Amino acid sequence: MQRTALRAAADPLGYARYHACSRALKRGVALGHNAFLAEAALLSSPNNSPPAATVGAFARELAARFGEQPLLVHAGRALTYREADARSQRIAKGLLASGVSKGTRVGVLLPNGPDWVLAWLAAARIGAVVVPINTFYQARELAFALRHADVALLLTTARFLNHDYLERLERAA
């Protein structure tokens, strides 16, 4: 266990995340996001203290512990733990103001990167059900996925690379 603690301290969630997944796979268990985060937090927390009870508490705890260290780096820009906590908190407030609450299904149609992470954190921290939507879906597939998942609100970007999501969504309506 000491080796795990040392690796987790050097790489706050990298090794712990791998370790949590490999333990779950060995047990034949598929972890949901919250269970995964809780197990990763337990493995990476000092003295194996109990994990945070919610995604919001977990984000605040990591922001307090790792502050200005990068949570992720994408296209040469770093998103720090503190910045991710603050920005996802602002987005969560906006979601609440839009009528999203615990159990509301929030679609995330964003390319991999900081915006996706912030959208997930924001929705998950208020108890919404995050529904990742494949960015390669065409209008017909988008329509099916959004209806089938009963998505109440969709977080997206207008365009990414050669994908015009607004046009696809208009055709899907």
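Two strands pair if DSSP finds at least two bridges between them. The views below show a predicted model.

**View 1. The whole chain.** The protein holds eight helices and seven strands. It has 173 residues, and 42% of them count as buried. Among contacts with a separation of 6 or more, 60% join residues 24 or more positions apart.

**View 2. Strand 3 beside strand 4.** Strand 3 covers residues 105-109, and strand 4 covers residues 129-132. The two strands run parallel and are joined by four bridges. Two positions can be picked out here. Val106 has Val130 of strand 4 as its bridge partner. Val108 stands opposite Pro132, also in strand 4.

**View 3. Helix 6 on the sheet.** Helix 6 spans residues 114-125. Together with strand 3 and strand 4 it makes a β-α-β unit, and that unit is right-handed.

**View 4. Helix 4 against helix 6.** Two packed helices are described by the angle between their axes and the distance between the axes. Helix 4 takes in residues 55-66. The axes of helix 4 and helix 6 come within 7 Å. They cross at roughly 125 degrees. Angles of 65 to 115 count as roughly perpendicular and those over 145 as roughly antiparallel, so helix 4 and helix 6 are oblique to each other. Helix 4 brings Val55, Gly56, Ala59 and Arg60 to the meeting. Helix 6 brings Trp120, Leu121, Ala124 and Arg125.

**View 5. The buried residues of helix 7.** Helix 7 runs over residues 139-148. Which of its residues are buried? Ala139, Leu142, Ala143, Ala145 and Leu146 are buried in helix 7. Their cover includes strand 3, strand 5 and helix 8 (165-172).

View 6. Most residues other than glycine have a negative phi, and most peptide bonds are trans. Asp150 is not a glycine, yet its phi is positive, at about 55 degrees. Asp150 follows helix 7 and sits in the loop between helix 7 and strand 5. Its relative accessible area is 55%, so Asp150 is exposed. Leu161 is not a glycine either, and its phi is positive at about 50 degrees. Leu161 belongs to the loop between strand 6 (159-160) and strand 7 (163-164). Is Leu161 buried or exposed? Leu161 has a relative accessible area of 67%, so Leu161 is exposed.

View 7. Thr80 belongs to strand 2, which covers residues 77-80. Its relative accessibility is 10%. Buried means under 20%, so Thr80 counts as buried. A polar atom of the Thr80 side chain lies 3.0 Å from the backbone nitrogen of Glu83. Which residues touch Thr80, leaving aside its neighbours within four places in sequence? Thr80 is in contact with Gly67, Glu68, Gln69, Pro70 and Leu71.

Conventions
Residues numbered from 1 in each chain as written. Predicted model: local features only at pLDDT ≥ 70, side-chain atom pairs only at ≥ 80, totals over all residues. Heavy atoms only, no water. Buried < 20%, exposed > 50% of the residue type's maximum accessible area, 1.4 Å probe, protein only. Polar contact = N/O pair within 3.5 Å; in protein donor to acceptor, adjacent residues only side chain to side chain. Contact = heavy atoms within 4.5 Å. Right-handed = clockwise from strand over helix to strand, strands pointing away. Axes fitted to C-alpha atoms, helices over the stretch in contact; angles between N-to-C directions. Parallel < 35°, antiparallel > 145°, perpendicular 65-115°, else oblique.
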